[in-house]
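This briefing covers aromatic pairs, pockets and sheets, in that order. The structure comes first.

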Amino acid sequence: PSDLGNDITSEISGKDKATMMINGNILEAGKVYGFKGRVDVLRSNGSILTGAVECFFVKVRIEQPLAVIKNSEASINIGIEPEKMYEFDASLSVDPVYPTADLAYMWTLNGSADTYWVASADLFASGPKVRLNVSALLPDRTYVLVVVVSAPSINGVSRISNASQIIKTFP
């Protein structure tokens with residue numbers, strides 16, 4: 001077995017049994033590993049009746065981060081009030097590959113066709129949290145708040161995901 005260059009044979013347990021196991025921490029995301037094994041059919045006395053060599057490849061999937069907006073609902077209704085701030089929190093977002101990795105967050109608020117895009121000055125982002133100045137929104141409109149969560153790239157592959165929250169406004 002190899003990642004097409006590096007031998008990881010020493011990391012396999014059960015090489016002489018029906019089931020082989022490899023410690024998952026050894027395999028790197030995004031890499032392809034080739035395996036070659038021999039399967040023998042034995043007679044009752046232990047001698048080989050027949051055998052075959054099997055080869056297969058495994059590509060380890062690159063997991064994307066999981067973007068989560070805390071207490072998110074299908075949609076929320078917000079009343080327009082002067083200088084009212086509403087906070088959204090994506091701190092439950094996680095990187096399944098590197099759980100302690102620092103994630104990057106980019107927040108945007110988009111309006112529907114009859115609504116204007118909210119200026120970035122009305123979104124106050126600080127890491128996984130964002131505060132929205134709801135007095136900047138128009139009443140009786142629908143907005144979509146989106147957070148894009150970026151995790152460290154793996155083997156040059158960017159890893160991002162997003163979560164969204166529909167916001168409906170009323171006077």
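F35 is buried, with a relative accessible area of 7% (buried means under 20%, exposed over 50% and partly exposed in between, for a 1.4 Å probe and protein chains only). The model is predicted: local features need pLDDT of at least 70, side-chain atom pairs count only at pLDDT 80 or more, and totals for chains, interfaces and linings use all residues. Residues are numbered from 1 along each chain as its sequence is written, and side-chain values use heavy atoms, with hydrogens and water left out.

**Aromatic pairs**

- The count comes to two aromatic pairs, where rings of Phe, Tyr and Trp (its six-membered ring) pair if their centres lie within 6.5 Å, and planes under 30 degrees apart count as stacked, over 60 as edge-to-face and the rest as tilted.
- F35 and F56 are stacked, because their ring centres are 5.2 Å apart and their planes stand at 15°.
- F35 belongs to strand 3 and F56 to strand 4, so this pair ties together parts that are 21 residues apart in sequence; strands are DSSP runs (E, at least two residues), numbered from the N terminus.
- F56 is partly exposed, at a relative accessible area of 39%.
- Y86 and F88 form a tilted pair, with 5.1 Å from centre to centre and 40° between the planes.

**Pockets**

- The largest pocket holds about 330 Å³ of space; on a 1 Å grid over the protein atoms alone, a pocket is an open set of points where a 1.4 Å probe fits, with protein on both sides within 12 Å along at least five of seven lines, and lining residues have an atom within 4 Å of a point.
- Volume here is the space filled by probe spheres set on the points, with grid points joined across faces, edges and corners.
- The largest pocket is lined by 15 residues, of which K15, K17, M20, G37 and R38 are the closest to its centre.
- Strand 3 (32–42) and strand 4 (48–59) are the elements that give two or more residues to this lining, and strand 3 gives the most, with five.
- By class, the lining of the largest pocket has seven nonpolar, two polar and six charged residues (Ala, Val, Leu, Ile, Met, Phe, Trp, Tyr, Cys and Pro count as nonpolar, Asp, Glu, Lys and Arg as charged, and the others, Gly among them, as polar).
- The second largest pocket holds about 200 Å³, and of its 12 lining residues L27, E28, A29, V97 and Y98 are the closest to the centre.
- Six nonpolar, three polar and three charged residues make up the lining of the second largest pocket.

- An open sheet of four strands runs in the order 5-11-10-7 with mixed pairing; two strands pair if DSSP finds at least two bridges between them.
- Strand 5 (75–79) and strand 7 (104–111) are the edge strands of this sheet, each pairing on one side only.
- Strand 10 (residues 142–154) and strand 11 (residues 157–170) pair antiparallel over 11 bridges, and V149 stands opposite S161 in strand 11.
- A further open sheet has three strands in the order 6-9-8, with antiparallel pairing.
- Strand 6 (85–89) and strand 8 (123–126) each have a single partner strand, so one side of each is left without a neighbour in the sheet.
- Strand 6 is joined to strand 9 (residues 129–133) by five bridges, and E87 stands opposite R131 in strand 9.
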